[in-house]
Amino acid sequence: MKKLMKIFVALICSLGLVSVAYSAQPEENKPQKKKQAPTAQHAPQPTTGHVTGAGAGPKKTSMGAYEGKKGQTSVGASQGQKGKKGQTPMEAYQGQKGKKGQTPKEASQVQTGKAAKGGKVTGPGKAGEAATATTTGKTAAAGTAKAGKPLKAQKFNLPKQPNTAKAPPVKFQPNKHIEGSQNWQGQQYTVFRNYKSEWHDQNWWHSHHSNIVFVFGAPYYWNAGYWFPAWGYNPNAYYAWDGPIYGYNHLPPDQVIANAQAALQQQGYYQGEVDGLLGPLTRDAIANYQRDHGLYTTSTIDQPTLRSLGMA
């Protein structure tokens, strides 16, 4: 019996020792119950858009998404990444330029200064404007050149003697035709196609033409709505140009030229003096105007040009 009691006491002591040893075991070595995984985790909402100071984490957008990370909101994507797959057109416009998927409006806003194919830039200050001038001669031949604002005819006080330094005299060339006139189609240009220089004395001119005027001492005869130089009437007569000049508003040739010079001045084509001379500077101004407005480049005063200027 005593033997059994000793065994019982030994067992109780052993259990006590085990209990003390278990209590002294570190916390991390004790078995723990498995925690249930959360169904969803939400990123904390930041109070401000930026985290400052040492050890700050990645910068967050106002929508709580990290820049450059997968799963961004549309706002975060447009701010953090450029040109990524799945962007909306607005995001592509903000992040990338000239990329596929832009709308025409976005492309026009992003890429400026590029002229369309076939366009021409006319010069500084003009809208990167591509010019769409009508093919030279088609408008003139059809007689559909747009007329400018009507200009009232003026009478200018012109010098009595020509400035031959600015407008040197031309020489008579028998049966001279106007260069390029064979290509000017339409009834309005018939007078240019048919013109040829003729030399006759005063009697001949008076017998064939009743209306003759003198400009800078040189005679001009009237025919088919135009003024022409009467070569030979006065052998020493001065002419700045050999060819027809349209008879605008019953004015003599020098006043017609002066009115055209004034109109071209207003539009910035002519920078010279209003002198009533159809010299090189005036002819160049007329030619530039005609090219810009889809007219035949006659370099002289014709009906389509004056009508385009609003004069006829």
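Author: Let's start with a rule: the expected span of a helix is 1.5 Å times one less than its number of residues. Helices here are DSSP runs of H or I with at least four residues, strands are E runs of at least two, and both are numbered from the N terminus. This is a predicted model, where local features need pLDDT of at least 70, side-chain atom pairs count only at pLDDT 80 or more, and totals for chains, interfaces and linings use all residues. Residues are numbered from 1 along each chain as its sequence is written, and side-chain values use heavy atoms, with hydrogens and water left out.

Reader: How do you know that the span of helix α9 agrees with 1.5 Å a residue?

Author: Helix α9 has 13 residues, 280–292, so the rule predicts 18 Å, and its end C-alpha atoms are 18 Å apart, which agrees. Just after α9, G294 has a positive phi of about 70°.

Reader: Which residues of α9 are buried, and what do they pack against?

Author: Buried means under 20% relative accessible area (exposed is over 50%, partly exposed in between, with a 1.4 Å probe and protein chains only). In α9 that covers T282, R283, A285, I286, A287, Y289 and Q290. They pack against α8 (253–266) and α10 (303–309).

Reader: What makes a set of residues a nonpolar core?

Author: They must be buried Ala, Val, Leu, Ile, Met, Phe, Trp, Tyr or Cys, joined through side-chain atoms within 4.5 Å. The largest such core has 46 residues, and F192, I301 and L306 have the most contacts inside it. Its largest share, five residues, comes from α8.

Reader: What is I301 in contact with, leaving aside its neighbours within four places in sequence?

Author: Contact means heavy atoms within 4.5 Å. The partners of I301 include F192, Y226, I245, V256, I286 and L306.

Reader: Why is the pair of W184 and F192 called edge-to-face?

Author: Rings of Phe, Tyr and Trp (its six-membered ring) pair if their centres lie within 6.5 Å; planes under 30 degrees apart are stacked, over 60 edge-to-face, and the rest tilted. The W184 and F192 rings have centres 5.8 Å apart and planes at 75°, so the pair is edge-to-face. Both W184 and F192 are buried.
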